[in-house]
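Hello,

Here is the structure I promised to pass on to you. Have a look at it first, and then read on for what I found in it.

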Amino acid sequence: MCAAVNRTAHGGNNLHVKCRNDTYPRSNIVRANVPDDKVDWKISFPEYKPVVYTSDSVKKKPVWADDDCTEKSFSPKWNEVDGKVDRRSFVCKYELTEEGVPRNPKGRTGIKERGCLGRWGPNHAADPIVTRWKMEGGKPVFKNGKRVAQFISIQRKDNGEWALPGGMVDPGEEVSETLRREFGEEALNSLKLSPDETQKMLETLDEFFHSGTVIYKGYVDDPRNTDNSWMETVAMNFHDENGSGVAKFSLNAGSDAVGVQWLDISKDLKLYASHADFIKKTAEHLGAYWE
Ligand code: RP5
């Protein structure tokens, strides 16, 4: 049984802000309206008629997507590690709908089926939060008595929003590997490097990504979520205390990014999905300025 607790990464009650009452990303599909007090499945909502939507790209069955739930050959092991696909949720043991597919543990979204997400149920991602202290003229910058930290942010190609350089965990991949790979691809444009350069870069990243702190593990309020498919992530902080580790990397947007930069951490940040929540938690962890 799954207790539908609508909390953000920092414990607020505003989940399903970005995956509700809006036009679905990369489409002209408008979600069915879900008022704040009707998000929770426990609240009766007989008029609820979610729009049925699975994008054409998902229907074409690329390697990263499940089959349609109506296909007889499709018999996933829900809530388990199913071959190489991890179908467990960080939130809870999710329930199945009467159609036999996972039900979003955080409530209604106004869309049923998968939208543009590949997996029924949780779609697992990993987000590297690479930080350093802000310096000016060789001196640390303070605000309200606290040091200002910065993190590496990429600008997403799909919607232009600034975000963490995260990505999907490939089947069978360790989260630590996803964090390193996605950072390399999105913030350093590693896909454009020669094999030798890639090897060197991976060795340097290995050293820097050796130890990190888990900042958040759980559900993401991602605009692609539906009633049956949703994003979850592990967000880890890799902090460069004296600025010598990350200085080795020259930032270069690549893969799904069109821009990359160091951004100052503060409460004014507007970021993709729940990423601002993860940054707030990171500021707390570092004892850095937030507001
Ligand atoms: C977010 O989507 C996660 O936090 C992660 O940053 C991202 C992964 O999806 P893609 O960037 O691969 O589209 O929910």
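Does lysine 93 count as buried or exposed, and at what relative accessibility? Lysine 93 has 57% relative accessibility, and since the cut-off for exposed is over 50%, it counts as exposed. Please keep in mind that this is a predicted model. You will find lysine 93 in the loop that runs between strand E3 (85-86) and strand E4 (111-115). From its C-alpha to that of arginine 119 is 16 Å in space, with the two residues 26 apart in sequence.

Now for the helices, starting with H2 (residues 175-187). H2 is made of 13 residues, and from its first C-alpha to its last it reaches 17 Å, close to the 18 Å expected at 1.5 Å a residue. Most of H2 is covered, with ten of the 13 residues buried. These are Thr178, Leu179, Arg180, Arg181, Glu182, Phe183, Gly184, Glu185, Glu186 and Ala187. If you are tracing what they pack against, look for strands E5, E10, E12 (167-168), E14 and E15, together with helix H3. After H2 comes asparagine 189, which has a positive phi near 55°.

The pairing of H2 with H3 (residues 195-208) may interest you: their axes come within 11 Å and cross at roughly 130°. The two helices are therefore oblique to each other. The crossing in which H2 passes H3 is right-handed. On the H2 side the contact is made by Arg180, Phe183 and Gly184, and on the H3 side by Met201, Leu202, Leu205 and Asp206. Sorted by class, that contact between H2 and H3 has four nonpolar residues, one polar residue and two charged residues.

Next is helix H4, which covers residues 275-286. Its twelve residues reach 16 Å from first C-alpha to last, close to the 16 Å expected at 1.5 Å a residue. Which residues of H4 are buried? They are His275, Asp277, Phe278, Ile279, Thr282, Ala283 and Leu286. The cover over the buried residues of H4 includes strands E5 (121-133), E10 (149-156), E11 (162-163), E13 (213-219) and E14 (229-240). Just after H4 sits glycine 287, with a positive phi of about 70°.

Two more positions are worth a look while you have the model open. Glycine 245 is in the loop between E14 and strand E15 (257-264). Its relative accessibility is 12%, and because buried means under 20%, glycine 245 counts as buried. Setting aside neighbours within four places in sequence, glycine 245 is in contact with Phe208 and Asp240. Between the C-alpha atoms of glycine 245 and valine 175 there are 21 Å, and the two are 70 residues apart along the chain.

Tryptophan 41 belongs to the segment before strand E1 (51-54). What does tryptophan 41 touch, not counting residues up to four places away in sequence? Its partners are Tyr48, Arg103, Asn104, Gly107, Arg108 and Asp227. By contrast, alanine 125 is 25 Å from tryptophan 41, C-alpha to C-alpha, and 84 residues apart from it in sequence.

That is what I have for now.

Methods. Residues numbered from 1 in each chain as written. Predicted model: local features only at pLDDT ≥ 70, side-chain atom pairs only at ≥ 80, totals over all residues. Heavy atoms only, no water. Helix = DSSP H or I, 4+ residues; strand = E, 2+ residues; numbered from the N terminus. Expected span 1.5 Å × (residues − 1). Buried < 20%, exposed > 50% of the residue type's maximum accessible area, 1.4 Å probe, protein only. Contact = heavy atoms within 4.5 Å. Axes fitted to C-alpha atoms, helices over the stretch in contact; angles between N-to-C directions. Parallel < 35°, antiparallel > 145°, perpendicular 65-115°, else oblique. Left-handed = near helix turned anticlockwise from the far one by under 90°. Nonpolar A, V, L, I, M, F, W, Y, C, P; charged D, E, K, R; others polar.
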